[in-house]
Amino acid sequence: MTGALSYAGGAPAMPAAPAVTDPGGNPPGAAMPGVVYHIDASFFVFRAYHSMPPDMVDRDGNATHALYGFARFLCDFIERVNPSRIVVAFDESLRGETSFRCAIYPAYKANREQPPADLKRQFALCREFCRHLGLAEFASTQYEADDIIGTLAVRTRAAGLNNVLVTRDKDLSQLIRAGDVYWDYTGNARYQYHEIGARFGAAPELIADFLALTGDAVDNIPGVPGIGKKTAAELFAVFGSLDELYANLEQVAALKLRGAGAIAAKLLAHKDAAYLARRLTGIMCDIPLQAHVDDLRRRPPDGARLQCFFDDHGFGSILRQQARRIIAAAAERR
């Protein structure tokens with residue numbers, strides 16, 4: 001497994017990020033105590049790839065627009081939030097071909113196009129930038145960023161810390177527990193444990209079961225044909241889990257649901273598909289990741305390496321000024 005803990009001229013502006021306080025209501029630069037921020041990096045890299053001018057290149061003509069956009073996001077985030085502990089999790093395989101989920105279901109994420117070579121190259125550079133910035137970054141060929149975040153969230157929670165998941169991926173909402181926050185950073189929306197159900201259709205503990213019934217078109221998971229979000233929500237308002245639903249399947253036909261008899265028949269006919277989907281939608285929270293909670297603390301940025309990095313990729317004053325401010329703030333904390 002890869003994924004051991006990793007440290008190690010003017011450009012166009014990044015699309016405007018929301019001027020927000022952190023999830024605890026603190027002003028910019030005031031970190032929440034006892035919190036670990038988990039960055040779902042792939043979302044922000046993809047966002048930059050599709051929103052930044054594609055003609056941004058380094059001195060060798062290699063595209064740098066995704067790298068620049070991600071770097072701007074990460075520096076903006078650090079300046080606003082000033083986190084003491086942070087996780088940056090990447091997807092090593094952008095289509096999931098090497099994920100253990102593909103071994104379970106070969107069609108998993110097969111609906112996605114192959115990522116272009118310039119994007120794969122920039123993903124690796126984004127990871128390098130994190131290391132120069134003093135951040136703990138992770139990736140694995142077998143497990144996805146969701147599984148990395150899930151495993152670390154469980155470990156940090158056991159250490160008495162709360163988690164803030166910085167993402168737009170609905171799957172990660174299943175990890176939220178009391179005291180945690182799901183932070184849609186680009187949408188300037190924050191959801192605590194009791195708000196997840198209204199936003200995503202089920203309580204966090206039921207999200208994976210919910211998606212097992214409805215399917216997930218984004219990841220090419222079929223689920224149970226004919227069971228949509230509304231029906232799934234109504235079923236889980238009665239039954240507390242997928243196991244409980246199937247253990248009491250004979251009761252479904254008697255529920256006050258439109259077409260209850262047909263729903264019961266569909267559930268029975270597609271039981272195997274539902275349980276297969278459940279294996280795919282559930283986030284692994286016990287992967288063999290070599291990392292301790294203390295490893296998630298921010299390290300001092302490497303100013304010399306950052307300057308060389310900016311030179312190599314043709315980045316101008318904006319990122320350099322941000323890096324200097326971040327380095328200065330880190331020195332003041334010591």
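**Ground rules.** I number residues from 1 along each chain as its sequence is written, and I use heavy atoms for side-chain values, leaving out hydrogens and water. As the model is predicted, local features need pLDDT of at least 70 and side-chain atom pairs count only at pLDDT 80 or more, while totals for chains, interfaces and linings use all residues.

**Entry 1, the sheet.** I looked up the strand order first. Helices (H or I, at least four residues) and strands (E, at least two) are DSSP runs, numbered from the N terminus. Two strands pair if DSSP finds at least two bridges between them. The sheet is open, has 6 strands in the order E3-E2-E1-E4-E5-E6, and its pairing is mixed. Strand E3 (136-138) and strand E6 (189-192) are the edge strands, each pairing on one side only. From one strand to the next the twist averages 20 degrees; axes are lines fitted to C-alpha atoms, for helices over the stretch in contact, and angles run from 0 to 180 degrees between N-to-C directions.

**Entry 2, strand E1.** Which strands does E1 pair with in the parallel sense? I find E4 over 5 bridges and E2 over 4 bridges. Histidine 38 stands opposite leucine 165 in E4 and opposite valine 87 in E2.

I then checked burial, where buried means under 20% relative accessible area, exposed over 50%, and partly exposed in between (1.4 Å probe, protein chains only). In E1, 6 of 6 residues are buried. Val35, Tyr37 and Ile39 point one way, and Val36, His38 and Asp40 point the other way. I note the general rule that side chains in a regular strand alternate between the two faces of the sheet.

Helix H2 (residues 65-81) lies across E1 (35-40), E2 (86-89), E4 (162-166) and E5, and runs at about 165 degrees to E1.

Strand E5 (residues 181-184) pairs with E6 in the antiparallel sense over 4 bridges. Tyrosine 182 stands opposite tyrosine 191 in E6.

I looked at two residues of the loop between E5 and E6. One is threonine 186, which counts as partly exposed because its relative accessibility is 22%. Its side chain makes polar contacts (pairs of N or O atoms within 3.5 Å; within protein, one must be able to donate a hydrogen and the other to accept it, and residues adjacent in sequence count only if both atoms are side-chain atoms). The side chain of threonine 186 meets that of arginine 168 at 3.4 Å and that of aspartate 184 at 3.4 Å. Threonine 186 and arginine 168 are 18 residues apart along the chain, and their C-alpha atoms are separated by 8.2 Å.

The other is asparagine 188. Its phi is positive, near 55 degrees, in a residue other than glycine. Asparagine 188 is partly exposed, with a relative accessible area of 37%.

I found a positive phi of about 60 degrees at lysine 109, which is not a glycine. In general, most residues other than glycine have a negative phi. Lysine 109 lies in the loop between helix H3 (100-104) and helix H4 (117-132). Is lysine 109 buried or exposed? It counts as buried, because its relative accessibility is 6%.

Arginine 298 is in the loop between helix H11 (271-281) and helix H12 (303-313).

What does the side chain of arginine 298 reach instead? I find a polar contact of 3.2 Å with the side chain of asparagine 82, and the backbone oxygen of proline 83 at 3.0 Å. Leaving aside neighbours within four places in sequence, arginine 298 is in contact (heavy atoms within 4.5 Å) with residues including Ile78, Ser84, Leu135 and Arg333.

Helix H7 (residues 207-214) is largely enclosed by the rest of the structure, because 8 of its 8 residues are buried. Among them are Phe210 and Asp209. The buried residues of H7 pack against helix H6 (196-200), helix H8 (229-236), helix H9 (242-247), helix H10 (260-269) and H11. Glycine 215 follows H7, with a positive phi near 80 degrees.
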